[in-house]
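Here is a friendly note to read with the model open beside you. Take the points one at a time and look for each feature as you go.

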Amino acid sequence: MGSACAACGALLHVVASSCRGTTGRSPVPVGTGAGYRRSQGGHISVEPRINERIRVPEVRLVGPAGEQVGIVSINDALRLAQEADLDLVEVAPTARPPVAKLMDYGKFKYESALKARESRRNQAQTVIKEIKLRPKIDPHDYGTKKSHVERFLRQGDKVKVTIMFRGREQSRPELGFRLLQRLAVDVEELGFVESQPKQDGRNMIMVIGPHRRKSEARAERAARDSHHERGSSRSRAANAAAPEAGEAPAEPEAVPQPEPATAAQSAAGRSADSEG
């Protein structure tokens, strides 16, 4: 009995070894493993399905001008798109039935890209400028730093004002606090205190935000530049029309005057009149 069990165990061991193969690894089932995962993964397309890629029996069709055609079969929708020389684009795949529209898909993609680019261009990006001060700053230097802060606020940017303490100045944080309050009062027409002064190690930080947005400041600057350009063009045109400096004005043309008659001519004329 024991020999029979040993023989059965040996047979099972041989069968298991043959199943593992020569490498001693378990066989990989079909449809699993790294290769299978790579084939199932990849980039998921976010573009809508168009034309023959739409694999539903019927769609709710929308015309090129937005008119509602109704629920039609996919074959009829493709035929209408081919007759109109347009594409059938699935615009609402989750609807029941899905909504498809007749359009020029290439032109639609181009216009969408232009709109996205224009929106990114007009999007206001928040920029934080930084100005560093010392607690015992010179009045002239303070005026220069304040002018920088005002320029940044006019441009629609936030300003991070940092007071740097060194040595014994760290024991007098009220100096930096009073300086920041003074600066906030000086620029209150252009900005407001967005973040109150707070101690950060050896520094004291305050953030000032502008009253108007960056897009408004950009539009105002563009209008000002265009107005200046128009004024410059008008002045150039006026200078071109005016006579050059130093050029003498043209003298009026002299009208020829009759020569005075001589005494002999006068006497001859009187004698001819008397004879006549």
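1. A term to start with: contact means heavy atoms within 4.5 Å. Keep in mind, too, that this is a predicted model.

2. Let's begin with helix 5, which covers residues 139–154. Its 16 residues reach 22 Å from the first C-alpha to the last, close to the 22 Å expected at 1.5 Å a residue.

3. Which residues of helix 5 are buried? They are Tyr142, Val149, Glu150, Phe152 and Leu153. Looking down the axis of helix 5, you will find these buried residues within an arc of 160°, so they line one face of the helix. In general, an α-helix has 3.6 residues a turn, so residues three or four places apart point the same way.

4. What do the buried residues of helix 5 pack against? Their partners are strand 5 (128–133), strand 6 (158–164), helix 6 (173–186), strand 7 (191–200) and strand 8 (203–210).

5. Now look at the ends of helix 5. Aspartate 138 caps the N-terminal end, with a side-chain oxygen 3.0 Å from the backbone nitrogen of histidine 140. Just after the helix, glycine 156 has a positive phi of about 90°.

6. Elsewhere, strand 3 (residues 87–92) and strand 4 (residues 99–103) run antiparallel and are joined by five bridges.

7. Finally, a word on confidence. The chain has an average pLDDT of 76, and 65% of the residues score at least 70. Over residues 21–28, pLDDT stays under 50, and the model has four contacts beyond four places in sequence for them. Residues 30–39 also stay under 50, with two such contacts.

Conventions: Residues numbered from 1 in each chain as written. Predicted model: local features only at pLDDT ≥ 70, side-chain atom pairs only at ≥ 80, totals over all residues. Heavy atoms only, no water. Helix = DSSP H or I, 4+ residues; strand = E, 2+ residues; numbered from the N terminus. Expected span 1.5 Å × (residues − 1). Buried < 20%, exposed > 50% of the residue type's maximum accessible area, 1.4 Å probe, protein only. Arc of directions from axis to C-beta. Polar contact = N/O pair within 3.5 Å; in protein donor to acceptor, adjacent residues only side chain to side chain. pLDDT = per-residue confidence, 0-100. Pairing = 2+ DSSP bridges.
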